[in-house]
Amino acid sequence: MMKEVSILLRKEILLESRQKHALNSLILYLVSTVFVCKLCFRAIPDPGSWNALFWIIMLFSSINAAGKSFVQDSRARFIYLYSVASPQAVIISKVLYNILLMLLLTGIGFLVYLVLLGNNPVQNMPLFLLNAFLGSIGFSAILTTMSAIASRTSNSFTLMAVLSFPLILPLLMTLIRISKNAIDGIDSSVSYKYLFVLAGINVITAVLSYLLFPYLWKD
Amino acid sequence: MNIQKNWWKLLASLLLLYTVIMGFAGEVPARDILNETIRNLYFHVPMWFGMISLLFISVIYGIRYLNKGKAEDDIYAREAAHTGVTMGMLGLITGSLWARYTWGTWWTPDTKLNGAAITMLIYFAYFILRGSVEDEQKKARLSAVYSIFAFVMMIVFVLILPRMEDSLHPGNGGNPGFSKYDLDSKMRMVFYPAVLGWILLGVWILNVRARLAKMEEIVLNNDLEMKEL
């Protein structure tokens, strides 16, 4: 099982490194969005809005990135995967791969956001980064399953967003709450219960994805 | 009518008759601001109990479908979601009317209201998902998976969010819930039967809708066979 997962994960990374345009387009999407925001807002003096805008940008980029995780597999390749790998290994490797992708995007997104929008209001940087790390895991767990559902339908692109938005809201509200605390420099101990909630949401969504994916997989 | 099988329909009718009579004509405590709107307790709150019960039934049938793959279970899951959403919409309307007369606004971005709105969004997405798959079995499977995922996330949302922010809604953030108003327990005597009555009515509607849907399917299949002949 572990071996299967690691092989599939390596396959994903290898494919990505061979078709760099896919990853580059995601990064460009992210940078352009931040730039559009910069030109529209000029400056955001209110830390609350600064925070909310950052997470909204990350939400859209993540949905865009995760939406590709099953769509790009052609039908023939899907049947091949189906015959050689177990569904559990496939979902674990896809979620792990998306976690790496989300971490990369969040990292780049945060840097670009800081550089372009200036005036860094974050006072408790370790908490902010920990929050962003946990958030990337949660995004990946929810969005990978939604992408698996959406990819089996006829209008997968719109459906991906429609299915994901309401489900991702609990996660997003918790993320925004914690990072607002980090921005205001409130002591980390106040945010512990929210971090606990965040970890809980991550575990629940990961377990649900693991249990439900085999039913999406067979055709 | 077979009483042994359909006693609960009779019970639902009697409970709702009692609710409507006692709800509009019964004695309620006179309170500032709330005044007569306190009667909304018998109509607005049970809608949410009904909605959650029906959505729960929908998820149970979804799980059953994934286990056994019987088309009938999918019909029940779909119709339960339909009925649940209808009750949710009625809950939104009755709540909105109530808010107009007590808070002075139709809608306010409050955690409980947000939770209700998100539940509606989730289930609208569920119907759109159903609409965008042609194959019946695939449709049933995908929507069952989504409804299980969505129901769990909805429960998480309803449990977590009100604890994170204050709410204007009765029963939250220092605002008295109905339990403070009914120390004489007169309202309880109407409220609990009302909840049971509305839930039973929801199940009844589900029952009728599912039977109708099954019949439509049979008629459709017969038509197809006739055409082939």
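Trainee: How many residues of chain A are in contact with chain B in this predicted model?
Mentor: 22 residues of chain A are in contact with 24 residues of chain B. Being in contact here takes C-beta atoms within 7 Å.

Trainee: Which helices supply the side of chain A that touches chain B?
Mentor: H7 (125–151), H8 (156–184) and H9 (188–217) of chain A each supply at least two residues. H8(A) has the largest share, nine residues.

Trainee: What makes up that side of chain A, in nonpolar, polar and charged residues?
Mentor: There are 16 nonpolar residues, four polar ones and two charged ones.

Trainee: Which residues touch the most other members of the largest nonpolar core?
Mentor: That core has 111 residues, and those touching the most other members are A:Ile149, A:Leu163, A:Leu167, B:Val145, B:Tyr146 and B:Ala150. H8(A) gives the most to the core, 13 residues.

Trainee: What does A:Leu167 touch, leaving out residues up to four places away in sequence?
Mentor: In chain A, the partners of A:Leu167 are A:Ile142 and A:Met146. Across in chain B, A:Leu167 touches B:Ile122, B:Phe149, B:Ala150 and B:Met153.

Trainee: Let's take chain A by itself. What does its secondary structure come to?
Mentor: Nine helices and zero strands. Read from the N terminus, the elements go α-α-α-α-α-α-α-α-α.

Trainee: How do you know whether the radius of gyration of chain A agrees with a compact globule?
Mentor: Set the value against the rule: with 219 residues, a compact globule would come out near 17 Å. Chain A has 18 Å, so the two agree. Along its principal axes, the C-alpha trace of chain A spans about 55 × 35 × 30 Å.

Trainee: What share of chain A is buried?
Mentor: Buried residues are 41% of its 219 residues. As for contacts in chain A between residues at least 6 apart in sequence, 83% join residues at least 24 apart.

Trainee: How do you know what span to expect for H2 of chain A, residues 20–41?
Mentor: Count 1.5 Å a residue: the 22 residues should span 32 Å. The end C-alpha atoms of H2(A) are 31 Å apart, so the helix agrees with the expectation. Just after H2(A) comes A:Arg42, with a positive phi of about 65°.

Trainee: And what does the same reasoning give for H3 of chain A, residues 47–66?
Mentor: Its 20 residues should span 28 Å, and the end C-alpha atoms are 28 Å apart, so that agrees.

Trainee: Which residues of H3(A) are buried?
Mentor: Among them are A:Trp50, A:Phe54, A:Met58, A:Leu59 and A:Ile63. The list also includes A:Asn51, A:Ser61 and A:Ser62. To be called buried, a residue needs 20 or more other C-beta atoms within 10 Å of its own.

Trainee: Why is A:Ala85 called partly exposed?
Mentor: A:Ala85 has 17 C-beta neighbours inside 10 Å.

Trainee: Where does A:Ala85 lie, and what does A:Ala85 touch?
Mentor: A:Ala85 is in the loop between H5 (75–84) and H6 (87–117) of chain A. Not counting residues up to four places away in sequence, A:Ala85 touches A:Glu4, A:Leu8 and A:Val90. A:Ala85 and A:Leu8 are 77 residues apart in sequence, with their C-alpha atoms 8.6 Å apart.

Trainee: What makes A:Ile7 partly exposed?
Mentor: A:Ile7 has 13 other C-beta atoms within 10 Å. A:Ile7 lies in H1 (residues 2–18) of chain A. The C-alpha atoms of A:Ile7 and A:Leu53 are 37 Å apart, at 46 residues apart in sequence.

Trainee: Now chain B. How many helices and strands does chain B have?
Mentor: Six helices and zero strands, running α-α-α-α-α-α from the N terminus. Of the 229 residues in chain B, 38% are buried.

Trainee: What are the scores for chain B and for the model?
Mentor: Chain B averages a pLDDT of 84, and 87% of the residues score at least 70. The model has ipTM 0.86 and pTM 0.87.

Technical notes:
Residues numbered from 1 in each chain as written. Chains lettered and ligands numbered in written order. Predicted model: local features only at pLDDT ≥ 70, side-chain atom pairs only at ≥ 80, totals over all residues. Contact = placed C-beta atoms within 7 Å. Helix = DSSP H or I, 4+ residues; strand = E, 2+ residues; numbered from the N terminus. Nonpolar A, V, L, I, M, F, W, Y, C, P; charged D, E, K, R; others polar. Buried ≥ 20, exposed ≤ 12 C-beta atoms within 10 Å, placed from the backbone. Core = buried A, V, L, I, M, F, W, Y, C linked by C-beta atoms within 7 Å. pLDDT = per-residue confidence, 0-100. Expected span 1.5 Å × (residues − 1). Rg over C-alpha atoms; globule rule 2.2 N^0.38 Å.
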